[in-house]
Amino acid sequence: MTDPLADALDHTPERARVQLEIAVQDLTGLVVAAHGGADRVELCVDLEADGLTPPIDLTRAAVALADDLVASRDARPHFGVHVLVRSRPGSFVYSADEIEQMRAQAVEAVRAGAHGIVIGALTGRADATNSADSAGSAEPALDMDALTIWRDAALAEAQAQGRSLQLTCHRAIDRLTDAARIAAVTDLFAAGFHRILTSGGADRAPDGTDCLRAMVEQAEDLIDIQAGAGIRAATTRDLLQATGVPAVHLSARGTEPQELTDVPAALRALLKADGRSATAPTTLTDPAQVRAIADLLDL
């Protein structure tokens, strides 16, 4: 008899290529990511505020669209939708009411078919960093109690559906000191997480290579360290060589909306059902940026 918890956690085997995750906030961006060769998307809204939980109708439509793209071979066979669960902008220190709100959001996302959820929470000072001016203050730490509540609720829903679910800890971890961030790798693996999205504590991942490399070493191939923030094709090769990260994350946003000319039938149907034009839908997700990174990772 299989262990349902182990099935729901579903730690995947070692991969031959570095994986690519694109943060998107609309269905057209999801298509751009899939067509460009991404392995998955992180679905959210309000990327200007570093992302918030998307409406459940958007999640449901995104999952249906992703499944259709996989079935039609317009996406990688394992392409999936991972939903950000973050109820508000600002600090990652949450009240009991906010933790309950996000528990419900996580369950809703999984019920809508999300292939993974992306979560993070801190204790301690909400604005503390590893800079000198925070010396002597209570250092932030991962709020494992909140993460456990969200994990258990999401996994219970996935188990009820008889399927697996992936767990990602987001960049809240970058508010920790370097030492605490490295130690948290073991804690998150023990808690059943599959992936950590991090810049290595820097504003840009290319500037956090020392910590990223240390996190990869701490992970021992048991949990993925996914580099995010400031990822560009021009610097990605050096980043990979310096750190050994098995995955990268970016929003690939352009400055102007991009028209999607090759509109899949499934997207056209979803847009029409929502009363929107399906002729040439637009998105800020830049196909050129997605393809440039994907081509580099496929080498």
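**View 1. D74 in the loop between α3 and β3.** In this predicted model, D74 sits in the loop that runs between α3 (56-71) and β3 (80-84). The residue has a relative accessible area of 35% and is therefore classed as partly exposed. D74 belongs to a patch of negative charge on the surface, where it gathers with D67, D68 and D262.

**View 2. The salt bridge between R253 and E48.** The side chains of R253 and E48 meet in a salt bridge, with an N to O distance of 3.0 Å. This pair links distant parts of the chain: R253 belongs to strand β11 (residues 253-259), E48 lies in the loop between β2 (40-43) and α3, and the two residues are 205 residues apart. R253 has a relative accessible area of 30% and is partly exposed. E48, with a relative accessible area of 69%, is exposed.

**View 3. The salt bridge between R151 and D152.** The closest N and O atoms of R151 and D152 are 2.8 Å apart, and the two residues form a salt bridge. R151 counts as buried because its relative accessibility is 18%, under the 20% limit for that class. D152 counts as partly exposed, at 39% relative accessibility.

**View 4. The salt bridge between D207 and R204.** D207 pairs with R204 in a salt bridge whose closest N and O atoms are 2.9 Å apart. At 52% relative accessibility, D207 counts as exposed, since the class begins over 50%. R204 is partly exposed, with a relative accessible area of 34%.

**View 5. A network of salt bridges.** Side chains of opposite charge can pair when their charged atoms come close. Here R17, D39, R76 and D298 are linked in a network of salt bridges. A search of the whole structure finds 17 salt bridges.

**View 6. The cysteines C44 and C169.** C44 is buried, its relative accessible area being 0%. C169 is likewise buried, with a relative accessible area of 0%. A disulfide is a covalent bond between the sulfur atoms of two cysteines. The search of the whole structure finds zero disulfides.

Methods. Residues numbered from 1 in each chain as written. Predicted model: local features only at pLDDT ≥ 70, side-chain atom pairs only at ≥ 80, totals over all residues. Heavy atoms only, no water. Patch = residues over 30% accessible without salt bridge, like charges linked within 9 Å, V, L, I, M, F, W, Y side chains within 5 Å. Areas by Shrake-Rupley, 256 points an atom, 1.4 Å probe, with all protein chains shown as cover. Salt bridge = Lys/Arg side-chain N within 4 Å of Asp/Glu carboxyl O. Lys, Arg positive; Asp, Glu negative; His and termini not counted. Charge placed at Lys NZ, Arg CZ, Asp CG, Glu CD. Helix = DSSP H or I, 4+ residues; strand = E, 2+ residues; numbered from the N terminus. Buried < 20%, exposed > 50% of the residue type's maximum accessible area, 1.4 Å probe, protein only. Disulfide = S-S within 2.5 Å.
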